[in-house]
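Subject: Structure for you to look at

Hi,

Here is the structure I promised to pass on. Have a look first, and then read my notes below.

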Amino acid sequence: MLNKFISWIREVCPYCHKKMVSYDRGHYHSRACPDGQYKIETHPHLEVEIEYHSAK
Ligand SMILES: [Zn+2]
């Protein structure tokens with residue numbers, strides 16, 4: 001339940017509030033802001049999420 005909620009929150013960039021674009025990379029999944037301000041990678045096999053913040 002909590003994971004679903006967090007995923008829903010991260011459908012939108014925290015900086016520009018645009019809808020995140022999803023990419024399926026095969027062994028991991030990533031979502032990125034269309035302006036490149038924010039990116040999140042989900043690695044299910046490692047149970048890890050990596051966030052990238054590049055907002056100025
Ligand atoms: Zn953004």
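Pairing here asks for at least two DSSP bridges between two strands. Strands are DSSP runs of E with at least two residues, helices are runs of H or I with at least four, and both are numbered from the N terminus. Within this pair, Ala32 faces Lys39 of β3. The two strands form a hairpin with five residues between them, where Gly36 has a positive phi near 75 degrees.

Before I go on, two notes on the basis of all this. Please keep in mind that this is a predicted model, in which local features need pLDDT of at least 70 and side-chain atom pairs count only at pLDDT 80 or more, while totals for chains, interfaces and linings use all residues. Residues are numbered from 1 along each chain as its sequence is written.

Now the overall picture. The protein has one helix and four strands, and along the sequence they come as α-β-β-β-β. The four strands make an open sheet in the order β1-β2-β3-β4, with antiparallel pairing. β1 and β4 are at the edges with a single partner strand each, so one side of each has no neighbour in the sheet. Ignoring direction, neighbouring strands of this sheet are turned against each other by 15 degrees on average; the axes behind that value are lines fitted to C-alpha atoms, for helices over the stretch in contact, and angles run from 0 to 180 degrees between N-to-C directions.

Next, the other hairpin. β1 and β2 also pair in the antiparallel sense, over four bridges. Here Ser22 is opposite Arg31, and Asp24 is opposite His29. Four residues separate the strands of this hairpin, and Gly26 in its turn has a positive phi of about 95 degrees. From Gly26 to His43 the C-alpha distance is 10.0 Å, at a separation of 17 residues in sequence.

Which residues have a positive phi although they are not glycines? His17 is one of them, with a phi of about 65 degrees. His17 sits in the loop between α1 (2-9) and β1 (21-24) and is exposed, since it has 8 other C-beta atoms within 10 Å. Glu47 is another, at about 55 degrees. Its place is the loop between β3 (38-43) and β4 (48-53), and Glu47 is exposed because 7 other C-beta atoms lie within 10 Å.

Finally, two totals. Of the 56 residues in the protein, 5% are buried. Among contacts with a separation of 6 or more, 9% are between residues 24 or more positions apart; a contact means that the two C-beta atoms, placed from the backbone, lie within 7 Å.

Best wishes

Technical notes: Buried ≥ 20, exposed ≤ 12 C-beta atoms within 10 Å, placed from the backbone.
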